[in-house]
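Let's walk through this one together, starting with a single helix and then moving on to the ligand.

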Amino acid sequence: MNEATRPRAFSGIQPSGALHLGNYLGAIRNWVRMQATTDGVYCIVDLHALSVPQPPGTIRQATIDLAADLLAIGIDPEESILFVQSQVPEHTELAWHLQCVAAFGELRRMTQFKDKSERADFVSAGLFTYPTLQAADIALYDTDVVPVGDDQRQHVEFTRDIVTRFNNRFGDVLVVPEHRIPTAGDRIMDLQAPESKMSKSTDSPQGIVYLTDPPADIEKKLKRAVTDNDAEVAFDPTGKPGVSNLLTILAVATDSDPDTVAKGYSQYGPLKTDAAEALIEMLRPFQERRAELDEPTTIELLHAGADKARERATVVMDRVRAAVNLLA
Ligand code: TYM
């Protein structure tokens with residue numbers, strides 16, 4: 001397939017904390033796999049990260065580290081565009097236009113906003129309008145498909161709604177995207193609190209497997225993973241969230257499905273050992289490549305990626321300005 005006929009994929013990730021298994025199994029693994037069949041654009045969304053206070057002086061380094069992680073995981077800058085959101089100012093420009101067609105009420109109903117604002121002492125206006133910037137990210141590249149984990153489902157549906165509304169008002173200007181959410185691994189749970197998703201913003205580091213964790217740490221975290229009181233191994237995410245999470249992790253790491261994996265175990269111990277082993281093997285190539293990447297090369301690749309992204313963003317933004325009837 002040549003570039004012109006491939007569906008266009010776009011996704012983003014915040015540079016706020018180290019990459020964990022949820023990010024990888026829920027989203028990034030699909031980005032890598034989809035490179036063969038789609039025209040991919042992948043974005044480190046540093047401006048989104050600023051919607052909640054970041055520790056002073058950390059975002060630049062976090063951005064570079066995340067880029068190196070993504071390159072080591074297999075985002076190939078020859079195949080896909082990898083870039084940093086703030087280096088393409090059209091994102092915030094299109095976000096404004098989408099804010100002007102988004103309703104206050106629909107933004108207030110976003111579950112991620114509700115969750116985050118309930119927990120925060122200070123709720124920024126940026127946290128409230130966050131989904132419009134995400135919609136702009138997506139629409140700016142004429143995106144057909146958005147590979148994400150389950151927690152981004154509502155944001156992609158919101159994107160579809162406001163892009164459709166924008167088109168109804170101003171003509172057929174923007175492409176209406178679809179999400180691509182994996183059937184297993186779409187929601188990896190915290191190992192210590194399996195009723196909550198594994199998340200960078202949690203305060204239980206023992207519940208999170210970071211992609212850079214050494215094998216001994218992975219073994220320890222899996223061994224201590226919370227299971228249930230009865231000892232039956234079965235896939236039942238509501239009734240047995242801890243065991244089901246381990247089954248999902250092992251299934252996804254070995255390209256199987258959780259129900260099939262469950263049939264192979266009668267005890268928790270061997271399931272935990274095998275899940276740890278599968279993760280260590282899955283992460284080994286990433287960890288080896290990551291150690292080889294240096295910072296100047298990573299920064300150079302990001303600049304080249306931003307140049308390519310800007311080229312495409314300009315075309316779409318010109319279309320938007322004309323459709324809105326702004327003075328050229
Ligand atoms: P972020 O940075 O929180 O997460 C990046 C990706 O990882 C997925 N993910 C998970 N998947 C399964 N289980 C988990 N426990 C888990 N935790 C995270 C997320 O679903 C996501 O796909 N708002 C977005 C970033 C964004 C974006 C975009 C995404 C900005 N613009 C445009 C797609 C398109 C976010 O905060 O992702």
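Which residues are exposed on the other side of helix 6? They are Glu-118 and Arg-119, where exposed means over 50% relative accessible area and buried under 20%, with a 1.4 Å probe and protein chains only. Bear in mind that this is a predicted model, where local features need pLDDT of at least 70, side-chain atom pairs count only at pLDDT 80 or more, and totals for chains, interfaces and linings use all residues. Residues are numbered from 1 along each chain as its sequence is written, and side-chain values use heavy atoms, leaving out hydrogens and water.

Now for the buried residues of helix 6 (residues 111–119): these are Gln-112, Phe-113 and Ser-117. They sit on the same side of the helix because they cover an arc of only 115° around the axis, taken from the directions from the helix axis to the C-beta atoms. Their cover includes helix 5 (104–108), helix 7 (125–139) and helix 8 (153–170), with contact meaning heavy atoms within 4.5 Å.

On to the ligand. There are 28 residues around it, and Gln-14, Tyr-130, Asp-137, Asp-151 and Ile-188 come nearest; a residue counts as near if one of its heavy atoms lies within 4 Å. Look at the polar contacts (pairs of N or O atoms within 3.5 Å). A polar side-chain atom of Asp-151 is 2.4 Å from a ligand oxygen atom, and a side-chain N or O atom of Gln-14 is 2.8 Å from an oxygen atom of the ligand. For Gln-152, a side-chain N or O atom lies 3.1 Å from a ligand nitrogen atom.

How values were computed:
Helix = DSSP H or I, 4+ residues; strand = E, 2+ residues; numbered from the N terminus. Polar contact = N/O pair within 3.5 Å; in protein donor to acceptor, adjacent residues only side chain to side chain.
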